[in-house]
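Open the model in your viewer and get ready to select side chains.

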Amino acid sequence: PPGEFIPVLEETGPIFEGGNWALRQALSDYQGLKDRGLTPPRIAVNVSAIQLRRKDFANMVLDAVHEQGDDPRALELEITESLLMQDVKASIGTLSALRGMGIRIAMDDFGTGYSSLSYIARLPIDSLKIDRSFIGAMNTSEQDMSIISTIMALARALHVRVVAEGVESDDQARSLRILKCDEAQGYFFSKPVPIEAITSMLERQRDPNAAPEWAFSV
């Protein structure tokens, strides 16, 4: 699982090569879908703490975008809440530069990183992703349901979208619809699939006027 092999890459050094490969592969896949006349959704790529700390990270992302189709709207970068809180000032500068390019920014695993509300209001982000630990117990724990409702209220106040992670049942999906959650992801909708399956799905929905708002994560 990523929770095991990503720390190994960070400790031993190849996280830069691995992160760069994932970014360029995502953009290449996006462009390949467009070249087939399809309308792909944006693709979300997770960013490691070590990647974000690099002073040239924003330039590296921009170079990848230019080389793989020159469409920054194809990309969303997911950064964990705890990572953003490690160096808020530096994070604001880097993320502002990326957003200025047209790239979307998501705060991942929200609710687990002990954020300061004053800092969240300053962060240049487009969406908050509610950690799966809250979603899993939302229909059995009043406390977790209250946390989810509070996060959604916060997101609306900040004018950002809210995404529920780890949705695995119809009951969870139904509750999120009632709460008017903007987006949701998880095994209830689909397990991870290869690019060929995504291509087939988009070919069945060849309507350029109805581009979906789904986010595929890599």
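Start with D170. Its relative accessible area is 33%, so D170 is partly exposed; that class lies between buried, under 20% relative accessible area, and exposed, over 50% (1.4 Å probe, protein chains only). The model is predicted: local features need pLDDT of at least 70, side-chain atom pairs count only at pLDDT 80 or more, and totals for chains, interfaces and linings use all residues. Residues are numbered from 1 along each chain as its sequence is written, and side-chain values use heavy atoms, with hydrogens and water left out.

At 40% relative accessibility, R174 is partly exposed. D170 and R174 form a salt bridge, with the closest N and O atoms 2.2 Å apart. The term means a side-chain nitrogen of Lys or Arg within 4 Å of a carboxyl oxygen of Asp or Glu. Both residues sit in helix α10 (residues 170–178), four residues apart, about one turn of the helix. Helices (H or I, at least four residues) and strands (E, at least two) are DSSP runs, numbered from the N terminus.

Next, select R42, E76, R104, R161 and E183. Salt bridges that share partners join them into one network.

Move to K129 and E78. Their salt bridge has its closest N and O atoms 2.6 Å apart. It links distant parts of the chain: K129 is in strand β4 (residues 127–130) and E78 in strand β2 (residues 75–80), 51 residues apart. Are K129 and E78 buried or exposed? Both are buried.

Last, pick D56 and R54. Their closest N and O atoms are 3.0 Å apart in a salt bridge. D56 is partly exposed at 34%, and R54 is partly exposed at 36%. Across the whole structure, a search finds 14 salt bridges.
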